[in-house]
Amino acid sequence: MDGWKIRRSLSAIWRGLALSFVTLVGSITLFVLTVVSIALIPLGVGVLTTPALVAAVRKHANQRRLLAATWSDVRIAVPYRPFPPDVRGGITGQVERCTLLLKDPATWRDLQWLLIDMTVGSVIALLTFALNVYALEGFVLAAGLWRVFRNEPYWYGFVPVDSQLTGLAAAALGLVLLALGLRFASDLLRLHFLLARPLLAPTHGEALALRIERLTESRHDAVDTSAAELRRIERDLHDGAQARLVAMGMDLGTVEALIEKDPARAKALIGQARQSSAEALTELRDLVRGIHPPVLAERGLGDAVKALALRLPVPAEVSVELTGRAAAPVESAAYFAVSEALTNVVKHAGADRIWVDLSYGEGMLRIAVTDDGGGGAVIGKGSGLSGLERRLGTFDGILAVSSPAGGPTMVTMEIPCELS
Amino acid sequence: MRVVLAEDLFLLRDGLVRMLEAYDFEILAAVESGPELTRALAELTPDIAVVDVRLPPSHTDEGLQCALAARQARPGLPVLVLSQHVEQLYARELLADGNGGVGYLLKDRVFDADQFIDAVRRVAAGGTAMDPQVISQLLSRRARDRPIGGLTPREREVMELMAQGRSNAAIAAQLVITERSVAKHTSNIFGKLGLPVSDDDNRRVLAVLAYLDRDS
């Protein structure tokens, strides 16, 4: 075993000890309190306490899901149904919340998990630590502790210790146990999380229900956004290019009438018509850029983002590591997401420099926009970032923002897709 | 002067052919797709190629790619690229080989026949024709960093026109000043920006463009 593996085993041992503590104290307390609280619902008191306790249980379970992912790379999805947005306040709201929680199968599965967690779960967690401590006891016996048991043999594992010789045998067994304990510490820890997974993860039905909910939501967003986009395009065409063409037609009509009577004015009007056509073209060009930027169509995402960066008033470095092109809708969504993120930076961050990284790996298109501005950006109501999140949501993409006060700000986006 | 023209929209191709012929250009070939353009440039010996960026069959930047490839095969082959939109990124690629004989203009510029023909002749002679929009993009990016080398407003105007590839005579005519004062402004500009002075018009243009495009 090399140093890295031993260090990993040692951290698994400490984590196991910490976990067994959490399971024994946290899970038992929460289980007892929640069961009592639910039992008290007929008396009325339970209605008030249950939602708070269920929330605590969920927090406890979520913490375990997080640990499973960070410590043992065991990924457990969150199964809870979201509250409908129109839950009322006051006592009625409390009753409503309580009913909703009790109707959510995940609540009951969490309780079952608490039961498993405080028994088998805690034993497994403790085993990572106990196995190694017990191994050390073998050495202590060999070192001299055997003298205490000279008259009455002490059973260390299957070795009756009552002399130096048997003490040494205990040490040998301890050595074997220590080797096993170190070797399997991180596996035991993983086993603990794997045991929790069947109850903590959503059932197939729940997973589907959650998925449907998300899809409905993102479909609404997508439909709303595209309807709004169409309205904007219609308005722009109506007030812009269309109006210019009308003006041009009128000018040309006047020219037709004037050309013999007043050639000088006719010439001026022709100039005016040409001006209108140039303006119409400019407006159409800007409009097209907003619908589907030409560089994106011609060159793909990498160069389109580079071209975008060249137009920014802030110097931006773009690095692209893409081996192919994503599907057109994904490219377009990614482009406008980057564009929105960059606009945000220029408007709010007060940055001197921007870095954009595009890469692809494990079926994910990854985009990071970093700036050296003031930081403090949040995903919230009305901020450009929540618009970004909605935009990505349609493609099952996700957005993460790290923006401590004082900066730097890093906006990371991931969109699952295939490259061709 | 012999021209190879590539433009996929019939109306525009036809209009360009007629305009160029009216100004005594000889059209060697007027093609409508990338492969045809590549073949025409390989087989014929035009003095200039006038090329639309976006061409069939892929409708991506095929025209630009064909033009760049042809310039690799024949360094210095004058190429004037036309597009519905201009991108600094493309301008950079066209200018990258530093050979001159490059033009990059919005299609709108054909509205003004005199100026357009002037640009074609300039590029065919090994000069440069950059769309004013490219230059203003470059300048607006620069403006935030610092006022460019402390130029006076007039010098800035002269530099803008110079970057588009205009000759001293054309700049003088446009700004209604004498050619002598254009020359004076030019040497001031080069002094202030710390660029090497050169008598060659095209070298001068390329130097200014490179200066503007340099990342700060």
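Strand β1, residues 2–6 of chain B, is mostly covered, since four of its five residues are buried, a residue being buried if 20 or more other C-beta atoms, placed from the backbone, lie within 10 Å of its own.

All of this describes a predicted model, in which local features need pLDDT of at least 70 and side-chain atom pairs count only at pLDDT 80 or more, while totals for chains, interfaces and linings use all residues. Residues are numbered from 1 along each chain as its sequence is written, and chains are lettered from A, with ligands numbered from 1, in the order in which they are written.

The pair β1(B) and β2(B) belongs to an open sheet of six strands in chain B, ordered β2-β1-β3-β4-β5-β6 with parallel pairing. Because β2 (26–31) and β6 (128–130) of chain B stand at the edges with a single partner strand each, one side of each is left without a neighbour in the sheet. From one strand to the next the twist averages 20 degrees. Further along the order, β4 (residues 79–83) and β5 (residues 102–106) of chain B pair in the parallel sense over five bridges, and there Leu82(B) has Leu105(B) in β5(B) as its bridge partner.

In chain A, helices are DSSP runs of H or I of at least four residues. Helix α7 (residues 241–258) of chain A packs against α8(A) at an angle of about 165 degrees, with axes 9 Å apart, the axes being lines fitted to C-alpha atoms over the stretch in contact and the angles running from 0 to 180 degrees between N-to-C directions. The two helices α7(A) and α8(A) are therefore roughly antiparallel to each other, a term that applies to angles over 145 degrees.

Residues are in contact if their C-beta atoms, placed from the backbone, lie within 7 Å. Among those where α7(A) meets α8(A) are Leu245(A) and Met248(A) in α7(A), and Leu269(A) and Ile270(A) in α8(A).

The contact between the chains takes 16 residues from chain A and 16 residues from chain B. On the side of chain A that touches chain B, α8 (263–291), α9 (294–299) and α10 (301–310) each supply at least two residues, and α9(A) gives the most, with five residues.

Methods
Two strands pair if DSSP finds at least two bridges between them. Two residues are in contact if their C-beta atoms, placed from the backbone, lie within 7 Å. Angles under 35 degrees count as roughly parallel, over 145 as roughly antiparallel, 65 to 115 as roughly perpendicular and the rest as oblique. A residue is buried if 20 or more other C-beta atoms lie within 10 Å of its own, exposed if 12 or fewer, and partly exposed in between; C-beta atoms are placed from the backbone.
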